[in-house]
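Subject: Structure handover

Hello,

Here is the structure I promised to pass on. My notes on it follow below.

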Amino acid sequence: RTLPASHLKIDWSKIKSGFVVFSGLTDAAYAANHGVFKIDPATQLVTDIVYRGAQDDVKACVLANGGLALVTGLLYFTPATAVRLLSLLVVPPLEACTYFGVDNGAESFELQLFLDLLKSVVSKPAEGPTVLDRARRALWLQLSDIDPVGVHCTVIEGLKYHFLEPSFSHHVAQLYLADPAATWDGTTRQWSPYAHMHFDGPSTPGIRVINSIIGPDVKIGAGSTICHSELKSEWVIGNNCFVSGVRAN
């Protein structure tokens with residue numbers, strides 16, 4: 001994630017309970033593979049969380065400025081709500097999501113922070129036969145009597161948040177090949193392509209070497225990334241390659 005250089009000011013006087021989520025703007029193409037908040041423009045309260053929704057569902061979440069509020073994972077619990085959440089470890093079936101329940105023989109199950117807990121706060125969950133249905137219902141019953149309760153959304157102008165995709169090219173681009181200083185306005189930081197390494201090889205433009213030892217006979221092509229590796233023999237690595245966890249003398 002990249003936060004804007006300017007300081008963010010939030011009016012906490014009206015937020016006594018509930019949750020505060022921090023979001024950045026995104027477009028429909030990126031939102032199609034992730035989650036977005038549907039926000040009431042009058043109250044700035046989240047009314048729904050759409051995860052990989054249909055085009056019409058995502059379109060219904062468009063803000064007045066034409067953007068979409070991306071679910072970023074940045075979340076604040078107000079003290080009153082945090083105290084109430086701590087008490088849920090003895091509420092069935094929610095106790096099965098804690099060590100307390102597991103130690104008492106309960107069969108554990110997965111409960112997601114955004115799609116289960118927060119979604120149960122913003123909209124009353126339907127009754128159902130599964131343990132997850134009962135858990136969502138229990139969350140709503142336990143949290144709905146906090147007055148006022150809700151999920152407040154703060155959209156941070158300039159916030160850039162990128163999810164790690166399950167693909168090689170995206171992994172390399174986000175972690176190694178992209179220079180964060182290039183998109184940081186007014187930064188004074190120095191970005192180095194080399195970190196925690198011993199490099200005896202010839203200098204090649206556009207490579208990244210991280211936490212690695214590179215011998216003098218190793219040839220690395222332009223745009224390649226070497227991380228967590230030790231290469232001392234006559235290795236030849238092509239252009240735009242990614243090498244990780246290799247130890248070869």
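L25 is partly exposed, with a relative accessible area of 34%; partly exposed is the range between buried (under 20% relative accessible area) and exposed (over 50%), with a 1.4 Å probe and protein chains only. L25 sits in strand 1. Strands here are DSSP runs of E with at least two residues, helices are runs of H or I with at least four, and both are numbered from the N terminus. G67 is 42 residues from L25 in sequence, yet their C-alpha atoms are 5.6 Å apart. Leaving aside neighbours within four places in sequence, L25 is in contact with L63, N65, G67, L68, V155 and E157. Contact means heavy atoms within 4.5 Å.

A word on the source. This is a predicted model, in which local features need pLDDT of at least 70 and side-chain atom pairs count only at pLDDT 80 or more, while totals for chains, interfaces and linings use all residues. Residues are numbered from 1 along each chain as its sequence is written, and side-chain values use heavy atoms, with hydrogens and water left out.

Overall picture

The protein has seven helices and 15 strands. Of its 249 residues, 35% count as buried. Among contacts with a separation of 6 or more, 48% join residues 24 or more positions apart.

Two more residues with partners further along the chain

I39 belongs to strand 2 (residues 35-39). I39 counts as buried, at 11% relative accessibility. Its C-alpha lies 8.8 Å from that of V62, 23 residues away along the chain. Not counting residues up to four places away in sequence, I39 touches Q44, L45, V46, T47, L63, A69, C153 and V155.

I15 is placed in the segment before strand 1. I15 is buried too, with a relative accessible area of 14%. I15 and G150 are 135 residues apart along the chain, with 9.3 Å between their C-alpha atoms. I15 touches V20, T78 and H152, again leaving out residues up to four places away in sequence.

Helices 5 and 6

Helix 5 (113-122) is mostly covered, with seven of its ten residues buried. Those are F114, D116, L117, L118, S120, V121 and V122.

Helix 6 (residues 131-143) has 13 residues. From first C-alpha to last it reaches 18 Å, close to the 18 Å expected at 1.5 Å a residue. That expected span is 1.5 Å times one less than the number of residues. D133, A135, R137, A138, L139 and L143 of helix 6 are buried. Their cover includes strand 1 (19-26), helix 3 and helix 5.

How do helix 5 and helix 6 pack? Their angle is about 45 degrees, and their axes are 8 Å apart. Axes are lines fitted to C-alpha atoms, for helices over the stretch in contact, and angles run from 0 to 180 degrees between N-to-C directions. The two helices are therefore oblique to each other; under 35 degrees would be roughly parallel, over 145 roughly antiparallel, 65 to 115 roughly perpendicular, and the rest is oblique. From helix 5, the contact is made by L115, D116, L117, S120 and V121. From helix 6, it is made by L132, R136, L139, W140 and L143. The crossing is right-handed, meaning that the near helix is turned clockwise from the far one by less than a right angle, with anticlockwise for left-handed.

Backbone points to check by eye

The peptide bond from P92 to P93 is cis, with omega near -5 degrees. P93 is in the loop between helix 3 (79-86) and helix 4 (99-103).

N211 has a positive phi, near 50 degrees, and is not a glycine. N211 lies in the loop between strand 8 (208-210) and strand 9 (213-214), and is partly exposed at 40% relative accessibility.

H228 also has phi near 50 degrees, a positive value in a residue other than glycine. H228 is in the loop between strand 11 (225-227) and strand 12 (230-231). At a relative accessible area of 43%, H228 is partly exposed.

Cysteines

Best wishes
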